[in-house]
Amino acid sequence: MLLLQNARIASENSPVLLEADVLIVEGKIQDIGPNLAIPEGARVIDARGRVLMPGMFDAHVHFRAPGFENKETITTGSEAAINGGITGVVMMPNTRPALDSATAVATVLENAKLRSRIPVYTSGCVTKNREGKELAEIEGMRELGVKMLTDDGDTTNDPAVLLRAMQYATEFGMFFASHCEVPELAGPRALNEGVMSYRLGIKGSPACAEEIIIDRDIRLARAAGAHVHIQHVSSKLGMETIRWWKSRGDVKVTAEVAPHHLMFTDEHIGDYDTNYKMNPPLRTQADCDALLEGLVEGVFDLIATDHAPHTPFEKAQDFLSAPNGITGLDTALVSLYHHFVEPKKFGWDLVVKRYSAEPRRLMGLPVAAVEVGQQAECLLFDTEAETTFTREFMKSKSQNTPFLDQTLKGRVDLVILGTEILLER
Amino acid sequence: MARKDLLDIASLHREEIEFLLDQSTSFKKLFTHSVKKIPALEGKSVLMLFYEASTRTHSSFEVAAKRLSAEVTNFDVAHSSITKGESVRETIETLQAMRTDYIVVRHGHSGLPGMIARQTTASVINAGDGAHEHPTQALLDAFTIKEKFPDPRGKKVLIIGDILHSRVARSTSTLLQKLGVEVAYLGPGSLVPKYIPESIRRFTDYEAAMAWSPDVVYLLRVQMERQDVQFFPNVREYHRVYGITNARLAEIRDRGLYIMHPGPVNRGVELCDAVMDYERSLITNQVENGISVRMAVLDWLTPGGDFPRQESYVAQQRASSTVIMP
Ligand SMILES: [Zn+2]
């Protein structure tokens, strides 16, 4: 039994925080109200001034297992999630072997049950070994609960292959998540084509490399009657393309944006800082502004980190040799608060909707709300405290993040899942 | 004002540039007065680390180092396939053990000399990294121009060719602008980046560029080896549209313009053969001046302190060499 006193409860439906006590009994929220009586044997936590909200859910993470356990494991990845207030994740299938068969998916899910304190879901590949040629074992994966199909890390380059996959898998109620990039245009270097690419002397990847596939995959989904989810959009025109298709209403499109694309530009790369090397690349302030607009407006249904751990060893190379990607789970919620909620660019309701409720809906899961009768799946957030993202703080096995050693406003204090307190600070 | 490394022109202050150009003048004078060696770097070692072959820059640095009495070692990497950043770090660890004082590095990856500089106490000189910078080339270009125009402010330099892949264009244009020279670019649309600094004019045809009245026409080398991707249809067409043809040379001679080129020249592509005899071609001056400029740079840099204690790279658990994208 747990009684949280005087918490300010955030929900996706209201910009106003509701101040109340919350009583959790046997992992369920039993009562919410002012001045609840303290039941005998209950642990009382004074939550005055702190925000209570549902646990976040990240629909785009790379846990690197199997195959790259030196970067991340299911254990370290899920602990990083908990550290950041996230109580459920969807893994991407670009592991080694790639998750393109029922056997591979079954292994990961079994592992996750043993090694993670939060639910870990996985997506499956569209094509065998993500090669873009033969269809993966789609129905076999569905039987194990896979809903999302993606060759993330790359685009399924042959549109005919993707169209066939869409026609086939839609029958099973599955949907497609698209990493959007024409490889021939983007080249191998994750740097926006712009002033910075000229200055650094690296051939840039033009935003159109991304925008073409956003448009292409939505058209393919429309032709197949499929649901397509556009991953980690980074450009203004990409956002506007999705907005236009959504306004037509004749194709099912959802989309996500990553915190780093909202917060950083290619200028941050400075002197070849590989902690800002990611794919799609950081673009310009105008793109950031447009993405924020799209998030507030609802062009983006959800926020997802694209948590992409790499060892310090790999990231300490020169910019061109270093791999793409940054970690995000430890830092996402605090950085969203610091950059947007605190300066009043958007409210907690948006955070809860876009980073907790909508990603769960996308995956067909029940939404975790702080409501009577629901399972307790929530976190306490101290808006006055600060978090310093030292190496010791981070629970991810890798610390390739621009936030390393930065101090931001806000702190995740307590994470509860059912009867368990997963984190307490 | 002491610096450990010379990695780029962008971060150099005007005073540093003036100082280096002045020093170059002194070194040049010294050697035209028959002195062949001075003991400035006696007992010091200079390591040449060229991942891209380059006879010209390589020998220029070598001569410069030897005239300063340094000991020069060549690390033969030009022909090895080991050019990734990871293996470069392995090499750096070896170099630390060799206790070299200066490392002259050329590599196809932009930013790689900077990475090396952060991992060694030796002074690192960027002898060309990808399409990023080639600072000593820029210094020798500026030096060569100053020999003709002691006060280069307000002079105009037109750079023609493959800007996209050219570290020379980037470094030289940056340096010239710091000296008050106006710079313009001209080249095939596929080889001039869309985003260039606003301070650099961009011309799309030769006649318009000439109407701007440049004082110097600087031709960049066409990277024939990069033609696995086609940036223009063929070299004949390139020569006709962007090259100095016989007819254009006549106009250039009439106007008394100087011609520069970082070398080696593709004859008949950037320049017609007759340019080799053109009295205002500065191409051999550039080569000659390269040595004094590089002496000035070596003499100026200060290798730093003790070797840092760092965790051995080799001892570190080797990460999987396969890179997986997010
Ligand atoms: Zn991803």
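These legends accompany several close-up views of a predicted model.

Before you start, note that local features need pLDDT of at least 70 and side-chain atom pairs count only at pLDDT 80 or more, while totals for chains, interfaces and linings use all residues. Residues are numbered from 1 along each chain as its sequence is written, chains are lettered from A and ligands numbered from 1 in the order in which they are written, and side-chain values use heavy atoms, with hydrogens and water left out.

**View 1. The interface of chain A and chain B.** Here 38 residues from chain A meet 32 residues from chain B (contact: heavy atoms within 4.5 Å). Together the two chains bury about 2800 Å², with 59% of that on carbon and sulfur atoms (buried area: the accessible area, with a 1.4 Å probe, that two parts lose on being put together, summed over both). Look for A:Tyr198, A:Phe313 and A:Asp318, which supply 29% of the area that chain A buries against chain B, more than any other three residues.

View 2. One salt bridge is found between chain A and chain B (a side-chain nitrogen of Lys or Arg within 4 Å of a carboxyl oxygen of Asp or Glu). Its partners are A:Asp271 and B:Arg118, whose closest N and O atoms are 4.0 Å apart.

View 3. A:His60 (NE2), A:His62 (NE2), A:Asp152 (OD) and A:Asp306 (OD) are the protein donors, lying 2.1 to 2.4 Å from the zinc ion (donors: N, O and S atoms within 2.8 Å of the metal, or 3.2 Å for Na, K and Ca; water is not among the atoms, so sites may look incomplete). Along the chain, their spacing is H-x1-H-x89-D-x153-D.

**View 4. Backbone details in loops.** A cis peptide bond joins A:Asn279 and A:Pro280, with omega about 0°. A:Pro280 sits in the loop between helix H9 (259-263) and helix H10 (285-297) of chain A (helices, H or I, of at least four residues and strands, E, of at least two are DSSP runs, numbered from the N terminus). In chain B, the peptide bond from B:Gly263 to B:Pro264 is cis too, with omega near -10°. A:Asn35 is not a glycine, yet has a positive phi of about 45°.
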